[in-house]
Amino acid sequence: LESSSSSATEETGTGPGPSLPSSMSGPLESSSSSSVHLIAPEDLSSFHPPILVGYAFSAKKMQTMSLIMAEASQALSSIFLCPASTPSSVAFAPPSLLTRDALRLANTAISSISSSSSSSPLLRPTAAVSVSTSFVPSPRVSVSSARVSFVPLDLSFSLEEQHGGRFDVLLHKLTEDVRDRQNGLPAAAARLARLENYAQARPECRLVDPPARLLAVLDRGATADRLRRCLDGVPGVRAPRFAVCGSPADFCRATEGKGAFRRPVVAKPRNAAGAGASHRMVVVQKKGGEREVRWPALVQEYADHGGVLHKAYVLGDEAYLYARPSLPDLRRNRAGPQAPQAVVFDSQKPYPTREDFLGIAHNKEKRRKVDTHVTNAQMPKLTVEDVKPVAQILRKAFGLELFGFDVLMTQAKDGNNAHGKYEMLVVDVNYFPSYREVPNFPAKLAQYLTQRAVDARKTKKTPMSDKEG
């Protein structure tokens, strides 16, 4: 989904790392595609004018995301029916916009894709893509059809003047603008205001997600604090211990003395948005390693987790879970005197190895003398059913619909929770992540956005304040 120049909020604090062994790669669990909310023809039959979804992304992402939105448009036409002699003799290929009951009533469906050009300067020369889906029912069913269009937005001028000005859903990932508005830049504030004011003035329009709510995931200190508060008291789940440090002196107070959490610790830039510097992570193993940290920083406890990171993706009510390789267990594999004080790495690139932490990655002589075997702890399998309750807690706490979070399985301090002696450690939250492991993500996104439009038209909503969250 994302280009190689993805922003920090897509994979904050976590990177691709080396390839997983075949026994570990792929999803541990994911939501079934049949659980996606489907849309019946009768829901669409009275939808005039057509459903219109506008999307806005930063300039560097607009071209890539336009291709994804084109795939989402095509997914809406993936409806296949066979003549039904009995109610059960219906075949269809997901993603379908029809419920099973609606499929039993219909005999055929004809879907076509049409393209229309856009005058938006953000998308030149790529054309906006829309899909027109027509349902041809049996004589028992009234005629129903709907057109769903995904179109790019230009936030340099009024939304009312674009594509007819009647949007059902506004989708965005404008993390840099949210950050820049917070820093007082008027151009970013004006762009976001056009988006927010349009949604505020039209109760029938859904804004995914309100920009003000992104602030809690663009500041890693705010993210860590909200995780601590919303997971407090949840059995078998917690946030890592952390400190927001503005200087080496703050770091020393957090990691030394009574009640401090001990090295190794991981230090992440406090700013999680935009620039490549937000991916620069430092694992401080020894005293003096804090000199590699760029302040201000979020300092978190380093928990052994079996060398496996679990990526959870949330799309509305749905959750998906996948495993990735992670950093090695360091507490159970204490480094010797030759180990570096700190290990610096880019979270968007392959992770450092055990040899890097031992300080022998490029020294063949030392590698022959030191046991480099990684003795990662064996952690229990984590399933999507385990993380779904956590996803709903975070969804409510952060007020977001499209987000991801990182989970580590680690040994519990109290040894008495839902996983026995193990617990889930939620270490990060990011807005609108890559969803790169999720199969058929454009189709799932298309269904989600269309369902939001259907729900909005069927029921009036209370105008959403951009101060919420």
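Analyst: What follows is a set of questions and answers about a predicted model.

User: What makes up the protein, by count of helices and strands?
Analyst: There are twelve helices and 17 strands. Of the 469 residues, 53% count as buried. Among contacts between residues at least 6 apart in sequence, 72% join residues at least 24 apart.

User: What is the order of strands in the open sheet of five strands, and why are E9 and E15 said to stand at the edges?
Analyst: The order is E9-E12-E10-E11-E15, and the pairing is antiparallel. Strand E9 (242-245) and strand E15 (342-346) each have a single partner strand, so one side of each has no neighbour in the sheet. On average, neighbouring strands of this sheet are turned by 20 degrees against each other, direction ignored.

User: How do you know that E10 and E12 pair?
Analyst: Two strands pair if there are at least two bridges between them. Strand E10 (residues 265-269) and strand E12 (residues 297-301) have five bridges, in the antiparallel sense. Ala267 has Val299 in E12 as its bridge partner, and Pro269 stands opposite Ala297 in E12. E10 is also joined to E11, by three bridges, and these two run antiparallel. There, Val266 has Val283 in E11 as its bridge partner.

User: Why is E10 called largely enclosed?
Analyst: Five of the five residues of E10 are buried, so the strand is largely enclosed by the rest of the structure. Val265, Ala267 and Pro269 point one way, whereas Val266 and Lys268 point the other way, and all are buried.

User: Which helices lie across E9, E10, E11 and E12?
Analyst: Helix H7 (residues 220-231) lies across these strands, running at about 155 degrees to E9. Helix H8 (residues 248-255) also lies across them, at about 165 degrees to E9.

User: What puts the buried residues of H8 on the same side?
Analyst: Phe251, Ala254 and Thr255 are the buried residues in question. They cover an arc of only 85 degrees around the axis, which puts them on the same side of H8. The buried residues of H8 pack against E9, E10, E11 and E12. Just after H8, Gly257 takes a positive phi of about 90 degrees.

User: Which peptide bonds are cis, and where are their prolines?
Analyst: A cis peptide bond joins Arg263 and Pro264, with omega at about 5 degrees. Pro264 is in the loop between H8 and E10. Another cis bond joins Trp295 and Pro296, with omega at about 0 degrees, and Pro296 is in the loop between E11 and E12. In general, most peptide bonds are trans.

User: Why is the pair of Phe57 and Phe432 called edge-to-face?
Analyst: Rings pair if their centres lie within 6.5 Å, and planes over 60 degrees apart count as edge-to-face. The centres of these two rings are 6.0 Å apart and the planes are at 65 degrees, so the pair is edge-to-face. The two residues are 375 residues apart: Phe57 is in strand E2 (residues 51-57), and Phe432 is in the loop between strand E17 (422-431) and helix H12 (441-458). The structure holds eleven aromatic pairs.

User: How do you know that Phe57, Phe432 and Tyr435 are buried?
Analyst: Buried means under 20% relative accessible area. Phe57 has 4%, so it is buried. Phe432, at 1%, counts as buried, and Tyr435 counts as buried at 1% too.

User: Which cluster do ring pairs form?
Analyst: Ring pairs link Tyr55, Phe57, Tyr313, Tyr322, Tyr431, Phe432, Tyr435 and Phe441 into a cluster.

User: What makes Arg202 count as lying over the face of Tyr198?
Analyst: One condition is that CZ of Arg is within 6 Å of the ring centre. Arg202 lies over the face of Tyr198 at 4.0 Å from the ring centre. The charged end of Arg226 likewise sits over the ring of Phe398, 5.5 Å from its centre.

Key
Residues numbered from 1 in each chain as written. Predicted model: local features only at pLDDT ≥ 70, side-chain atom pairs only at ≥ 80, totals over all residues. Heavy atoms only, no water. Helix = DSSP H or I, 4+ residues; strand = E, 2+ residues; numbered from the N terminus. Axes fitted to C-alpha atoms, helices over the stretch in contact; angles between N-to-C directions. Contact = heavy atoms within 4.5 Å. Buried < 20%, exposed > 50% of the residue type's maximum accessible area, 1.4 Å probe, protein only. Arc of directions from axis to C-beta. Phe/Tyr/Trp six-rings, centres within 6.5 Å; stacked < 30°, edge-to-face > 60°. Lys NZ or Arg CZ within 6 Å of the ring centre and 35° of its normal.
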